Amino acid sequence: MKDITITTQFSVFDSVQELPNDVQNLMEQAITVRKNAYAPYSQFRVGAALLLDNGKVVLGSNQENAAYPSGLCAERVAIFQAGSIYPEAKIVLMAITAASDTNTTKAPIPPCGSCRQSIAEYEIKQDTPIEIYFMGEIGAIYKSESLKNLLPFMFDKKFL
Ligand code: THU
């Protein structure tokens with residue numbers, strides 16, 4: 001028997017103002033689109049903004065459904081939209097923010113497991129890393145250089 005250790009790394013920014021200008025701009029768009037979330041069941045609003053290598057920005061917010069699993073997270077709304085409209089473009093940056101209508105989220109809110117798996121598919125397809133920044137409503141922003149930090153040991157097409 002032997003152990004293996006997998007390390008992942010994140011950078012921490014204390015505020016939106018501390019982000020590089022292009023990322024700050026993207027996070028502000030994520031904050032704006034977060035308000036468009038359709039979240040009558042969870043009152044939890046998530047906004048995602050993608051910057052593509054063609055310069056386009058694609059936005060998404062979570063869209064819920066009375067049949068709960070039929071809803072979709074903000075991150076997947078955004079990446080599926082990007083894949084649909086700009087199938088050849090690479091995703092360079094992703095900014096995510098989440099806020100509750102009932103309390104103030106201070107901790108950085110990471111993408112859920114299903115969104116990580118979906119983002120992984122696009123990172124592998126485009127063969128370049130996607131930088132991911134995520135935050136709550138206020139407080140610190142975590143940055144990952146690649147989806148790989150959020151999903152070590154990922155399942156992908158090489159196993160098929
Ligand atoms: N949600 C997202 O939009 N992204 C995530 O990564 C986590 C969860 C949404 C789904 C649902 O509408 C609400 O947040 C509560 O789970």
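Which elements do the buried residues of α1 pack against? The legend for View 1 gives the list.

The structure is a predicted model, in which local features need pLDDT of at least 70 and side-chain atom pairs count only at pLDDT 80 or more, while totals for chains, interfaces and linings use all residues. Residues are numbered from 1 along each chain as its sequence is written, and side-chain values use heavy atoms, with hydrogens and water left out.

**View 1. Helix α1 and its packing.**
The buried residues of α1 pack against β2, β3, β4, β5 and β6 (141–144). Helices (H or I, at least four residues) and strands (E, at least two) are DSSP runs, numbered from the N terminus. Buried means under 20% relative accessible area, exposed over 50%, and partly exposed in between (1.4 Å probe, protein chains only). In α1 the buried residues are Val23, Gln24, Leu26, Met27, Ala30, Ile31, Val33 and Arg34. The 14 residues of α1 reach 20 Å from the first C-alpha to the last, close to the 20 Å expected at 1.5 Å a residue; the expected span is 1.5 Å times one less than the number of residues.

**View 2. The largest pocket.**
A pocket is an open set of points on a 1 Å grid over the protein atoms alone, where a 1.4 Å probe fits, with protein on both sides within 12 Å along at least five of seven lines; lining residues have an atom within 4 Å of a point. The largest pocket has a volume of about 260 Å³, a volume being the space filled by probe spheres set on the points, which are joined across faces, edges and corners. Its lining has 20 residues, with Phe44, Val46, Asn62, Glu64 and Cys73 nearest the centre. At least two lining residues come from each of β2 (44–52), α2 (74–85) and β4 (91–100). By type, the lining holds 13 nonpolar, 5 polar and 2 charged residues. Here Ala, Val, Leu, Ile, Met, Phe, Trp, Tyr, Cys and Pro count as nonpolar, Asp, Glu, Lys and Arg as charged, and the others, Gly among them, as polar.

**View 3. Helix α2 and its cover.**
Helix α2 has 12 residues and reaches 16 Å between its first and last C-alpha, close to the 16 Å expected at 1.5 Å a residue. Ala74, Glu75, Arg76, Ala78, Ile79 and Ala82 are its buried residues. Their cover includes β2, β3 (57–61), β4 and α3 (113–126).

**View 4. Ala37 and Gln63 in two loops.**
Ala37 is found in the loop between α1 (21–34) and β2, and Gln63 lies in the loop between β3 and α2. Ala37 is buried because its relative accessible area is 9%, whereas Gln63, at 32%, is partly exposed. Contact means heavy atoms within 4.5 Å. Not counting residues up to four places away in sequence, Ala37 touches Arg45, Val46, Ser61, Asn62 and Gln63. With the neighbours within four places left aside, Gln63 is in contact with Asn36, Ala37, Tyr38, Gly71, Leu72 and Val77. The C-alpha atoms of Ala37 and Ala74, 37 residues apart along the chain, are separated by 7.9 Å.

**View 5. The nonpolar cores.**
A nonpolar core is a set of buried Ala, Val, Leu, Ile, Met, Phe, Trp, Tyr and Cys residues joined through side-chain atoms within 4.5 Å. The largest nonpolar core has 24 residues, and those with the most contacts inside it are Leu50, Met94, Ile132 and Leu147. Two or more residues of this core come from each of β2, α2, β4, α3 and β5 (131–135). Apart from it lies another core, of 14 residues, including Val16, Leu19, Val23 and Ile31.

Gln126 counts as buried because its relative accessibility is 9%. Leaving aside neighbours within four places in sequence, Gln126 is in contact with Lys90 and Ile91. Asp127 follows α3 and has a positive phi, near 60 degrees. With a relative accessible area of 67%, Asp127 is exposed.
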